[in-house]
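Have your viewer ready and follow along.

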Amino acid sequence: MILGNDIRLRALEREDLPRCVAWLNDPEVTAGLQIPTPLSLIQEEAWFERILKHPVEEQPLAIEVLLNDTWTHIGIIGFDTINWQSRVAEVGIFIGEKTFWNQGWGTRAMRLMLKHAFNTLNLNRVKLFVYESNPRAIQSYKKAGFVEEGRMRQERFINGKFVDAVFMGILRSEWQDAD
Ligand SMILES: CC(C)(COP(=O)(O)OP(=O)(O)OC[C@H]1O[C@@H](n2cnc3c(N)ncnc32)[C@H](O)[C@@H]1OP(=O)(O)O)[C@@H](O)C(=O)NCCC(=O)NCCS
């Protein structure tokens, strides 16, 4: 368990998968992700089986927030690939419960993940990419300390338009523990 203030990151369980499938079939949620087609529970279970074989540090984590004395699962965060020689990780996040958007939870989950990266895993750099059509995500990443490092022009076709992929990163030397 990675504990913050009223927010925690725990291991994803098989019982979480139906909830994740519902989230990942919502076009508003998937617009910023790389999941353009409907997803079945069986496909999600197959993904879960594959990911269980990955190193523990690369396992997806459930984001839970404490509201009225109850922990509520609102999304997923995880390091996709970690290069231990260069100490670089790529991070991904989504909050599937849309009623929780724009309340700072995404930024706080990311800050907690950065604390885990720099304080526990001893990484030196965390990176991500985000589509330019996702200003909420970009603003949230900036608040967590990421800066834009480059772009791939017209990398993805979303809602009838080609959009740039924006590359962002944060170094350990730039990171300020804020949660
Ligand atoms: C991206 C995501 C993780 C951000 O989490 P969140 O909890 O909604 O974000 P936060 O509330 O921490 O921050 C959002 C910021 O964006 C701002 N924002 C929202 N909509 C915006 C818009 N259209 N243009 C510019 N800024 C916007 C908010 O005002 C807030 O900034 P502020 O605190 O300075 O006012 C979440 O919205 C999400 O999971 N979305 C769907 C999946 C997704 O896109 N994942 C990311 C893939 S790269």
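Leaving aside its neighbours within four places in sequence, which residues is V91 in contact with? The partners are I77, F79, M113, V126 and L128, where a contact means that two C-beta atoms, placed from the backbone, lie within 7 Å.

## About the model

This is a predicted model, in which local features need pLDDT of at least 70 and side-chain atom pairs count only at pLDDT 80 or more, while totals for chains, interfaces and linings use all residues. Residues are numbered from 1 along each chain as its sequence is written.

## Overall build

The chain has five helices and eight strands, in the order β-β-α-α-α-β-β-β-α-β-α-β-β from the N terminus. Helices (H or I, at least four residues) and strands (E, at least two) are DSSP runs, numbered from the N terminus. The radius of gyration is 16 Å, close to the 16 Å from the globule rule for 179 residues, so the chain is as compact as a globular protein of that length. That radius is taken over C-alpha atoms, and the rule is 2.2 Å times the number of residues to the power 0.38.

Along its principal axes, the C-alpha trace spans about 40 × 40 × 35 Å. Among contacts with a separation of 6 or more, 58% join residues 24 or more positions apart.

The largest nonpolar core holds 37 residues, and I63, I77, V91, A109, M113, L114 and Y141 have the most contacts inside it. Such a core is a set of buried Ala, Val, Leu, Ile, Met, Phe, Trp, Tyr and Cys residues joined through C-beta atoms within 7 Å.

Helix 4 (residues 105-120) gives the most to this core, with seven residues. Buried positions in helix 4 include A109, M113, L114 and F118. After helix 4 comes N122, with a positive phi near 60 degrees.

## Strands at the N terminus

Strand 1 (residues 2-3) pairs with strand 2 (residues 7-11) in the antiparallel sense over two bridges; DSSP must find at least two bridges for strands to pair. Three residues lie between the strands of this hairpin, where D6 takes a positive phi near 65 degrees. Strand 2 also pairs in the antiparallel sense with strand 3 (residues 61-67), over five bridges. R8 stands opposite L3 and also opposite E64 in strand 3.

Conventions: A residue is buried if 20 or more other C-beta atoms lie within 10 Å of its own, exposed if 12 or fewer, and partly exposed in between; C-beta atoms are placed from the backbone.
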